[in-house]
Amino acid sequence: MKLRKTLIGLLAGATILTSAGIAQAAEITLKVSHYLPPSHGFQKDFLENWGKELSEKTNGKVEVKVFDATSAFGKIDRQADQVRAGVMDMAVGLNGIPRDRYPAASVIEMPFLVKYADSGSETLWQLYKEGLLGSDYNDFKVLGLFTHEGGLIHTLDTPVRSLEDLKGLRLRTPSPAVSAMLESFGASPVGLPPSAIYENLQKGNIEGLVTTWDLVNAVKANELLKYHTDAAAYTAGFYFVMNQKKYDSLPEDVRAAIDEISGDTLVGKFGDWWNKWEAAGKANAQKHGNEIIEIDDATRAKWQASVQPMITEYLAGLKDKGVTDPDAIYNRAQELVAEFDAKYHAGNK
């Protein structure tokens, strides 16, 4: 009985992925962690499918073991550190937590820059490929970088229809860049991990949050929220990284398989995934009878203009964090977003 309990404890929060059609036992087990529930799309659509693909392409040589937020390895602020230390082989994490860890990459989070997940993800990945993100991810084998859809402002009792409505509101923020945006609007940003959102909303410690439809659904916040302001005000950046020494130690065919299903191939999938995840979150809010406030393009442009001084100040501050030319990164990001928007969303203008 004691042995059984020990085994159950070791496996708690972990999912082992292999190809069902392959009978041989795997020679290599790779561990990957993330900070969201096992039911989330990060696991069900992204990591589980990635693991199955890797198993198939290596003829069962590799299995992937996923550790989610319910495991001891699911803390949002430890994802990259666990990979760096070799505790995990790979991890998916949020760039903004801990703060200032990836200052060059934070440029993608400038207000009103990214409206769509596909454009944002491809832009962030291209910035990395062009070497514009400096030393941000030097410690890792980078398997992919991506962003979510343009985020919303979700509130309990105060509908946000204008910038004036934001003044004084305590809102959960995912990153320093978003915090700077909220402060420029007169709101008070509060840093919290996703796991703490529901309780702090319930207790009134925060009056809302800025995030995606997907996350408010994942943490069941739609039960408490009443208003959702869709301004596509910001995005957040994410990473999927691997321990470089672990990658280098793998057989050549396994490294080739990892490369084949990562990078460009993987990043190109996030647009459709986020569309699916966002649709589910929005439907859940509508089910709860919440009001959705749509911000039109003209109003969004005015909001964007009002935040330009904050963008200038934020970019200047990145130089103190070791970013050589943040303005060049931002200018290139704007060019790339425009290119990808034209490629994927020409009919949405």
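Predicted model: local features only at pLDDT ≥ 70, side-chain atom pairs only at ≥ 80, totals over all residues.
Residues are numbered from 1 along each chain as its sequence is written, and side-chain values use heavy atoms, with hydrogens and water left out.

Me: How many cavities of 30 Å³ or more does a search of the whole structure find?
Reply: A cavity is a set of points, on a 1 Å grid over the protein atoms alone, where a 1.4 Å probe fits but cannot get out. Points are joined across faces, edges and corners, and a volume is the space filled by probe spheres set on them. With the limit of 30 Å³ or more, the search of the whole structure finds three.

Me: Which class has 11 residues in the lining of the largest cavity?
Reply: The lining residues, which have an atom within 4 Å of a point, number 17 here, and Y35, H148, T211, L215 and F238 lie nearest the centre. Ala, Val, Leu, Ile, Met, Phe, Trp, Tyr, Cys and Pro count as nonpolar, Asp, Glu, Lys and Arg as charged, and the others, Gly among them, as polar. Four lining residues are polar and two are charged, and the class with 11 is nonpolar.

Me: What is the volume of the second largest cavity?
Reply: Its lining includes N95, D100, R101 and Y314. The lining divides into four nonpolar, four polar and three charged residues. The volume of the second largest cavity is about 80 Å³.

Technical notes
1 Å grid on protein atoms, 1.4 Å probe; cavity = no way out; pocket = protein on both sides within 12 Å on 5 of 7 lines; lining within 4 Å.
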